[in-house]
Amino acid sequence: MTDESWAGWYRDRQGSDAVILTTDGQQLRLRIRGVDFEGESFDGLRPVAGTPDQGEMFALADGVLNDCVLEWDLPFPVIADGVAQQARLSCLLSLRRPDPYLYLELQFGGAGFRSHRAESDFGSALATIQRVLPPGVRLQTCIACAFSDYFPAPGRGLSGGLACFRGAKDAYRGADGQGDVLDLWDRRSGFVQETWSCPEFEPRPAAGAGTGHRGAFPLELA
């Protein structure tokens, strides 16, 4: 996977700073005020090993970045009437424990398509946007892919817990329900960010085989 970088802003009680977020689809990296943070989820960003103690510069909870707001935009692929096109996704994330919340807006075709104001995770927020998109327009990222699923258990994290089964495509195409996904779980290729997209993307089936544990997108069961 090739890294992608997105420009954004970080805000806390100390002020506001321009930042660059970088991801390879799995690991997130963020430099704030000269300090590097990384993690697999936006609510799991920790100072990297060897970073000196920053004292009062940041709010950390159990070593994780906390009590702050992140804003960023990223290019976001969609398929409109069978043609690949580029939209833009604006993200607003409040990292305040115990309940971080997320707001997304997809800008496409001169209009904005919004999630709810306080979504609990990227999967739900992107599903909300898919539901309000015009007919014939589909998201083209990992959350909408035919080969992605969450672990069969109640609840899910803010981001990054989406398993990719691109290395077991034929087997996953027959997956329908919790038991099938559990049988395939050890064959996953790893975990990906819901907003990531790769050349092996295929649209998720609308029903039946190939919808795994979480069901069709956006009609998720998980």
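Analyst: Contact here means heavy atoms within 4.5 Å. Keep in mind that this is a predicted model.

User: How many residues of helix α1 are buried?

Analyst: Helix α1 runs over residues 122–132 and is mostly covered. Its buried residues pack against β8, β9, β10, β11 and β12. The buried set is F122, G123, A125, L126, A127, T128, I129 and Q130. Out of 11 residues in α1, the buried count is eight.

User: At the start of α1, which residue has a side-chain oxygen reaching the backbone nitrogen of G123?

Analyst: G123 is one of the buried residues of α1. The oxygen comes to within 3.0 Å of that nitrogen, and it belongs to D121.

User: Is T141 buried or exposed?

Analyst: T141 sits in the loop between β12 and β13, and it touches F76, P77, E194, T195, W196, S197 and F201, not counting residues up to four places away in sequence. A polar atom of the T141 side chain is also 3.3 Å from the backbone oxygen of E194. The cut-off is under 20% relative accessible area. T141 is at 0%, so it counts as buried.

User: And G167, buried or exposed?

Analyst: G167 is in the loop between β14 and α2. G167 has 60%, so it is exposed.

User: How far apart are the C-alpha atoms of G167 and S90?

Analyst: Along the chain, G167 and S90 are 77 residues apart.

User: Which element gives the most to the lining of the largest pocket?

Analyst: The lining includes E4, W6, L74, P75, P77 and Q86. Two elements, β1 and β8, each supply at least two lining residues. With three residues, the one giving the most is β8.

User: What's the volume of the largest pocket?

Analyst: By class, its lining has seven nonpolar, four polar and one charged residues. T195, W196, S197, C198 and P199 are among the lining residues too. The pocket's volume is about 170 Å³.

Definitions and conventions: Residues numbered from 1 in each chain as written. Predicted model: local features only at pLDDT ≥ 70, side-chain atom pairs only at ≥ 80, totals over all residues. Heavy atoms only, no water. 1 Å grid on protein atoms, 1.4 Å probe; cavity = no way out; pocket = protein on both sides within 12 Å on 5 of 7 lines; lining within 4 Å. Points joined across faces, edges and corners; volume = space filled by probe spheres on them. Helix = DSSP H or I, 4+ residues; strand = E, 2+ residues; numbered from the N terminus. Nonpolar A, V, L, I, M, F, W, Y, C, P; charged D, E, K, R; others polar. Buried < 20%, exposed > 50% of the residue type's maximum accessible area, 1.4 Å probe, protein only. Polar contact = N/O pair within 3.5 Å; in protein donor to acceptor, adjacent residues only side chain to side chain.
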